[in-house]
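Biologist: I have a structure to go through before I plan my reading. Could you take my questions one at a time?

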Amino acid sequence: MAWQPYAQASMVIASQAAELKNRFRIDHMVDNLTLVIQRTYGSAPVVVILPDGSKWYSNRHPQTVKWVDGLAADMIYIEKPMPGPWQLLGNVVQGSTIKKISKLDIEVQPLPQPLYQGERLKVTARLLGDKLTMRMPGLDYMVEWTARFTSERLASDNNFATGTIIVGAYQDNGEKLDEVPDDGIFTGNPNLQQPTGHYVLNVTARNDVFEREYVMPFELSPQPINVKMEPNSDPLKDIWQIQLSVDESVVLLAQTHFEFELVGPAGLKLPITLQTVTSPDQILYLPKVTKFGSYRVKGYVVSTTVDGREIVLNLPEMFFNLIEPAAPAPTAQALAEKAAIQTAIEEQVAKDNAMFWIITINGVLFLVGVVGLVVWRKKQTLAKAMAAAEQRLNKNRVDEDKPKDSILQSVDLDDIDLSIPDDKT
């Protein structure tokens with residue numbers, strides 16, 4: 001694709017600019033200039049060579065110059081450019097041409113009226129040079145689009161205290177609602193889940209080189225289709241139901257279709273579709289649910305207004321719970337049986353505790369008695385031994401005090417055997 005530097009000037013005519021490869025000439029009548037230069041993807045920013053031979057870089061240039069470099073393009077705004085031949089050095093796309101522009105502007109698709117709360121809306125915007133769409137790879141990264149709603153603070157509106165809120169942006173990347181990347185058409189999907197009332201839409205497209213703004217007053221109206229979860233008298237037996245209300249003065253009943261999803265416990269996801277609405281006030285019966293827990297119903301409706309505009313409305317989520325019923329109250333007989341069982345258990349526990357303590361105390365007393373007996377016997381044995389030892393000690397002392405003759409006399413002669421034993425041959 002050929003690159004197209006765009007020149008925005010206060011007064012530029014066709015004969016005032018000429019191009020030879022990456023060269024172009026600026027006339028002395030040009031007060032300001034905006035260059036948009038397409039280069040190969042991921043390449044370095046271009047180098048601008050002035051008529052006097054001086055050079056500008058994306059990170060080094062006069063303060064009067066504003067420069068934005070993207071992945072595949074450069075945008076340069078120059079105040080009072082030097083007249084004469086200019087040149088660009090860089091990986092500029094081959095076969096490029098210069099297109100002269102006298103005005104840089106934006107074109108924003110106005111919001112439809114009436115516009116409804118929760119509506120799913122696709123809107124577009126374009127960056128224009130001399131009323132022609134600017135289209136080049138990488139332009140999406142170089143321009144920041146922002147959409148804001150500002151409440152007009154009317155006391156009768158629900159958005160009286162809302163203030164200013166950011167509701168979305170515009171992208172040209174081929175994602176979400178954007179159809180084709182880098183086709184020059186920026187696509188937005190504003191968040192319309194806002195309080196109803198009168199607002200001012202403010203769309204800005206800006207970068208460090210330029211800033212443009214679009215302003216539009218509008219009203220956000222209530223949805224012409226209402227849904228409500230009806231209370232259930234007996235959740236365990238009755239089927240949950242949704243009350244649908246369609247305002248036929250706003251939308252066509254025959255072209256109104258509902259799509260819901262029932263989400264519940266254990267990963268339940270059940271689609272529910274109502275293609276034919278036969279009455280402006282109709283009941284939608286949900287499938288019977290049996291698992292206890294929390295449930296929610298989310299969905300949307302597609303319809304056509306009486307003016308012929310196709311609309312998609314995101315419906316508010318609805319919730320209900322299936323609660324397990326409480327167990328029935330026990331009878332007097334059951335209570336008496338339970339009390340008797342509890343009493344028997346308590347008595348058995350008391351007996352077991354008493355037996356435990358009796359055995360424990362008796363065991364302790366027995367051990368104490370055995371230990372006491374052993375200690376007492378050891379003391380008695382020790383006392384007897386000490387008394388015998390003391391008696392022997394006293395006796396030895398008395399024997400030492402007696403003379404030896406008396407000792408001999410004390411021996412009975414009859415006890416001496418004086419017989420000579422027979423000789424044994």
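Biologist: Is Glu-107 buried, partly exposed or exposed?

Modeller: Bear in mind that this is a predicted model. Buried means under 20% relative accessible area and exposed means over 50%. Glu-107 has a relative accessibility of 38%, so this residue counts as partly exposed.

Biologist: Which residue does Glu-107 meet in a salt bridge?

Modeller: Glu-107 is in strand β11 (residues 104-108), and its partner is in strand β13 (residues 123-129), 19 residues apart. The side chains meet at 2.4 Å, N to O, and the partner is Arg-126.

Biologist: How far apart in sequence are the parts that Glu-119 and Arg-309 tie together?

Modeller: Glu-119 forms a salt bridge with Arg-309, with the closest N and O atoms 2.6 Å apart. Glu-119 lies in the loop between β12 (115-116) and β13, and Arg-309 in the loop between β26 (293-304) and β27 (310-322), so the parts tied together are separated in sequence by 190 residues.

Biologist: What is the relative accessible area of Trp-357?

Modeller: Trp-357 is found in helix α2 (residues 332-401). Together with Phe-356, Ile-361 and Leu-365, Trp-357 forms a nonpolar patch on the surface. Exposed means over 50%, and Trp-357 is exposed at 52%.

Biologist: How many residues lining the largest pocket are polar?

Modeller: The largest pocket holds about 200 Å³ of space. Its lining includes Gly-168, Gln-171, Glu-175 and Pro-190. Gly counts as polar. The lining has three nonpolar and three charged residues, and the polar ones number six.

Methods:
Residues are numbered from 1 along each chain as its sequence is written. This is a predicted model: local features need pLDDT of at least 70, side-chain atom pairs count only at pLDDT 80 or more; totals for chains, interfaces and linings use all residues. Side-chain values use heavy atoms; hydrogens and water are left out. On a 1 Å grid over the protein atoms alone, a cavity is a set of points where a 1.4 Å probe fits but cannot get out, and a pocket is an open set with protein on both sides within 12 Å along at least five of seven lines; lining residues have an atom within 4 Å of a point. Grid points are joined across faces, edges and corners, and a volume is the space filled by probe spheres set on the points. Patches are made of residues with over 30% relative accessible area and no salt bridge: like charges are joined within 9 Å, nonpolar side chains (Val, Leu, Ile, Met, Phe, Trp, Tyr) within 5 Å. Accessible areas come from the Shrake-Rupley method with a 1.4 Å probe; for residues, only the protein chains shown count as cover. A salt bridge is a side-chain nitrogen of Lys or Arg within 4 Å of a carboxyl oxygen of Asp or Glu. Helices (H or I, at least four residues) and strands (E, at least two) are DSSP runs, numbered from the N terminus. Buried means under 20% relative accessible area, exposed over 50%, partly exposed in between (1.4 Å probe, protein chains only).
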